[in-house]
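I opened this notebook to record what I looked up in the model. The entries begin with one residue and its surroundings, then widen to the whole chain.

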Amino acid sequence: MTNFETRPIIALDFPTFEAVKNFLAKFDPSEKLYVKIGMELFYAVGPEVVTYAKSLGHSVFLDLKLHDIPNTVKSAMKVLANLGVDMTNVHAAGGVEMMSAALEGLGGKTKLIAVTQLTSTSQEIMQNDQNIQTTLAESVVNYAKKTAESGLLGVVCSAQEVALIKSATTENFICLTPGIRPSGAAVGDQKRVMTPAQARAIGSDYIVVGRPITQAENPVQAYLEIKNDWNA
Ligand SMILES: O=C(O)c1cc(=O)[nH]c(=O)n1[C@@H]1O[C@H](COP(=O)(O)O)[C@@H](O)[C@H]1O
């Protein structure tokens, strides 16, 4: 639990720069957030949105989930290293050689973690679509071990797998968990979900929350409630 981050990471899944600016403007400027910039926003706006979030004093997780041949991923990571983000990620399915190349390209200042099985993937989906004939937990643990072997700091997983991952790797191995829903909130496309308090109790180090905050009537209040639950 040494890496426990008290701020829930807010997934800024917005289509335009304007929408992000409007959203962030709702927060008190002294409230330093941890935000996630994912594919939609980065592809729409580009590196400028990272610079903007950093200029407001926020921490940034750049979630682009790289998955390509090792040389391409290494070169892309060299470019991303210049953005000065706090954390970024790849898909563990790219393998040990690709993850090691990513780490080399990134060069040490930015935390690098790997996605195991997406939280929108159920065991049935995994077995049918990926033809991985193990349990979902076994697949996640396998990816976590390969990620640790590659020298990365941790994984993206569902909170349901945190205990298994920590015992298969080390207590310090980061488990960043999306698929977080306050009790009673709409689950949407997520399949493996937990509440912030449950994720905390089970040992998640970071939680990522999108729609329960961004689509809330009062996003600041929703954020603070989730933060309280996470830190309880
Ligand atoms: O890498 C991620 O952040 C990620 C991995 C994963 O397995 N599941 C997952 O939901 N995410 C991201 O976490 C966020 C979750 O958003 P909400 O479902 O709206 O809370 C989205 O931006 C997803 O892209």
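This is a predicted model: local features need pLDDT of at least 70, side-chain atom pairs count only at pLDDT 80 or more; totals for chains, interfaces and linings use all residues.

Entry 1, isoleucine 180. I listed the contacts of isoleucine 180, leaving aside neighbours within four places in sequence, and found Val193, Met194, Pro196, Ala199, Ile207, Val208 and Val209. Two residues are in contact here if their C-beta atoms, placed from the backbone, lie within 7 Å. I located isoleucine 180 in the loop between strand S7 (174-177) and helix H9 (196-202). Helices (H or I, at least four residues) and strands (E, at least two) are DSSP runs, numbered from the N terminus. Is isoleucine 180 buried or exposed? I noted that isoleucine 180 counts as buried because it has 29 C-beta neighbours inside 10 Å; the cut-off for buried is 20 or more other C-beta atoms within 10 Å, that for exposed is 12 or fewer, and partly exposed lies in between, with C-beta atoms placed from the backbone. I also checked the distance from isoleucine 180 to alanine 159, 21 residues apart along the chain, and their C-alpha atoms are separated by 8.2 Å.

Residues are numbered from 1 along each chain as its sequence is written.

I traced H7 over residues 136-149: its 14 residues reach 20 Å from first C-alpha to last, close to the 20 Å expected at 1.5 Å a residue, where the expected span is 1.5 Å times one less than the number of residues. Its buried residues are Leu136, Ser139, Val140, Val141, Tyr143, Ala144 and Thr147. I found that their cover includes H5, strand S5 (111-115), helix H6 (123-130), strand S6 (154-156) and helix H8 (162-168). After H7 comes glycine 151, with a positive phi near 90°.

I looked up the largest nonpolar core, which has 63 residues; Ile37, Ala102, Ile113, Ala114, Val155 and Ile165 have the most contacts inside it. Such a core is a set of buried Ala, Val, Leu, Ile, Met, Phe, Trp, Tyr and Cys residues joined through C-beta atoms within 7 Å. Helix H5 (residues 96-106) gives the most to this core, with six residues. Beyond four places in sequence, isoleucine 165 contacts Val140, Val141, Ala144, Val155, Cys157, Phe173 and Cys175.

I counted eleven helices and eight strands. Of the 232 residues, 39% count as buried.
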